[in-house]
Structures are given as structure tokens and as C-alpha cells.
Amino acid sequence: MSIIDVVSSAFLLIGAGFALLAGIGLQRFDDVFSRMHAATKAVTFGIGFVCIGAILQMDGGPDITKLVLVIVFQFATAPVAAHMVSRAVQRAGTEMADSTIVDELAQARRPAAEQAADPRPNQTR
Amino acid sequence: MKRGVFMGWLVLVWCLLWGSFSLANLLSGTALALVMWPTLPGQGPATSTFRPLPALRLTGYFLVLLARSNVAVAKEVVTPGSSVRPGIIAVPVAPMGRFLLAALGNMITLTPGTMTVDVDVDGDDDGAAHDAVLYVHVMHLFSAEQSTLDILDMQAALLNAFGSRGSIADVDARRDDLRRRIGSIAGTGS
């Protein structure tokens with residue numbers, strides 16, 4: 001087993017580990033928003049590691065550029081997907097976790113008349 | 001001109017997908033890009049500025065944040081109980097073009113404990129810089145001012161690489177203002 005094999009295996013295992021953590025995070029977190037944190041960051045990182053591990057195993061060839069593209073597009077699109085899901089959730093009025101401290105988006109989206117009657121409570125601290 | 005940049009990008013992706021920059025790939029890629037020409041966004045990235053050194057610093061800064069972000073999420077997943085204090089804060093950012101705004105939104109989502117939920121932009125999609133408010137979900141919200149400052153620091157790094165001088169001065173002024181406010185809160189001990 002060469003040193004490349006060791007490094008590549010390490011990358012693959014780390015990537016798989018992050019994917020596993022993301023799965024556990026999805027299960028454990030309280031609301032959609034917190035879950036999206038796990039589902040975007042850890043998965044993107046995990047895919048990056050798995051692809052680098054796979055690239056290290058190849059001796060040149062066209063597949064390397066494809067894997068590079070996979071990494072690039074994963075980084076470009078995962079946040080957009082998270083953004084669309086969380087925005088849809090917010091507009092649908094899904095409740096946030098009980099531990100939520102402040103929601104300035106909901107306050108900004110309240111109708112103007114309601115806002116005038118009840119000036120926005122500042123509860124950040 | 002800006003469409004030309006997009007076309008170059010399309011040809012590059014095409015060649016990377018095929019795995020070689022052969023003449024046949026370059027020609028067929030260019031032909032396809034020409035067919036798609038009318039559908040390409042004409043305005044494109046609203047930035048003509050590119051400073052290599054700050055761009056390099058931005059990349060390093062981003063990779064460090066990315067690593068920290070994943071360690072933080074991992075820690076949160078494996079620790080029993082919950083230390084989260086989630087909340088959504090409104091972050092008024094310095095005006096910049098749509099392309100940079102989208103880049104900042106993506107960076108926020110990929111870095112520690114923050115995620116872009118929504119965005120309000122004043123004005124039309126005319127390629128010019130407009131005032132914008134980002135709504136950001138924060139996992140560990142202890143001070144809205146501190147979280148806002150973190151995001152503006154990121155915007156400053158981005159603008160240093162791609163932004164106009166005016167927008168850099170704008171974001172720096174906002175950061176100074178926030179630092180003063182954070183300092184005065186700490187000073188009065190509340």
C-alpha cells in the first residue's frame with residue numbers, strides 16, 4: 001500500500017464521516033432551519049473530501065476533470081438549494097424551534113399597519 | 001462582452017466534462033455556446049474589478065471558515081443536549097451588484113453557523129449596485145451586532161477582491177460603526 005493509498009483512504013473516510021454526521025444532524029436538530037445547516041455544510045464538505053480521495057486514486061484521465069466539476073458545482077449549488085428550502089419554509093409560516101430567540105425576517109414581513117400598532121420588540125439580548 | 005465571458009465559461013465546462021481540450025471539443029463547445037447565446041444573461045457579473053492578492057486572501061479566509069464551520073456543526077451533532085440559540089437577523093449590507101450579492105449569500109451559508117434565508121434588494125435588476133438586506137439564520141446567536149459584524153467582515157473580504165473603491169469604503173464605515181456600538185455596549189456592562 002503506497003502513501004497515496006493511505007492519504008486517499010483518509011480523505012474518503014473523512015468525507016464519509018462528515019456525510020454520516022450530516023445524517024445524524026438531520027435527525028437530531030429541532031427545526032427545518034437548523035437541519036439545513038447540517039444538510040448543506042457537512043454534506044458539501046464531505047463530497048469535497050470524497051472527490052479529492054477519488055482523484056488521488058486516478059492516474060490522469062478525463063474523469064479527474066469531471067470530479068473537479070462535481071466539487072465546483074456542489075459548492076455553487078448547495079447553498080442555493082438551502083436558501084430556496086428555508087425561504088419556502090419561512091413563507092409557508094412553518095414554526096421555528098422553541099429555542100428561537102429572534103426572527104427579524106418575520107418582523108420585517110408583518111403588514112405595515114400591524115407594525116405601527118406594535119413596534120417591533122427587540123429581544124436580542 | 002459579458003456574454004463573451006459566459007460563453008468562455010460554458011466552453012470550459014464542456015471541455016472539462018469531456019475531459020480534454022481537443023480541437024473537436026473546443027469547436028463543438030463553441031457551437032453549442034453560440035446556440036445558447038440568446039438565452040445568456042446580458043448583464044452578467046456586475047464587477048469589472050479583480051485584485052489577485054486580495055482574491056487569494058479571500059480564498060484562504062473562506063477555506064478556514066469552511067473548516068471551522070464543519071467542526072462546529074460536527075461538535076453540535078455529537079454533543080448530547082443542545083447549546084443552540086437560533087434566530088434570524090436582518091443584515092443591511094453595503095450596496096453591490098447582484099453577482100457579488102449572490103456570492104456573499106453563498107459564502108454565508110457555507111460558513112460557521114449562519115445561513116441565508118431571504119434577501120430584499122431595493123431597485124431593479126439593472127446591473128447597478130443597490131441597497132440590500134440579507135436575512136440570516138444564526139445557530140448560536142449571542143449578539144446580533146457581533147453576528148452582523150462577522151458577515152460584514154466577510155463582505156469586506158469579498159469587496160476587497162472584486163468590489164469598487166466606493167463599496168469598500170462603505171462596508172468599512174459600517175464595520176467601524178458596529179465596532180463602536182459593540183464597544184459601547186461592553187463599556188456600560190449591560
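Into which domains is chain B divided? Chain B is divided into domain 1 (2-39) and domain 2 (52-188), with bounds from an automatic or database domain assignment. This is a predicted model, in which local features need pLDDT of at least 70, side-chain atom pairs count only at pLDDT 80 or more, and totals for chains, interfaces and linings use all residues. Residues are numbered from 1 along each chain as its sequence is written, while chains are lettered from A and ligands numbered from 1 in the order in which they are written.

**Confidence**
- Chain B has a mean pLDDT (the predictor's confidence in each residue, from 0 to 100) of 82, and 90% of its residues reach 70 or more.
- For the complex, the predictor gives an ipTM of 0.75 and a pTM of 0.80.

**Domains of chain B**
- A distance of 34 Å separates the C-alpha centres of domain 1 and domain 2 of chain B.

**Contact between the chains**
- Chain A gives 39 residues to the contact and chain B gives 32 residues; two residues are in contact if their C-beta atoms, placed from the backbone, lie within 7 Å.
- On the side of chain A that touches chain B, two or more residues come from each of α1 (3-28), α2 (32-56), α3 (63-91) and α4 (104-109) of chain A, helices being DSSP runs (H or I, at least four residues) numbered from the N terminus.
- The largest share of that side, 11 residues, comes from α3(A).

**Around Leu104(B)**
- Leaving aside neighbours within four places in sequence, Leu104(B) is in contact with Val93(B), Met154(B), Gln155(B) and Leu158(B).
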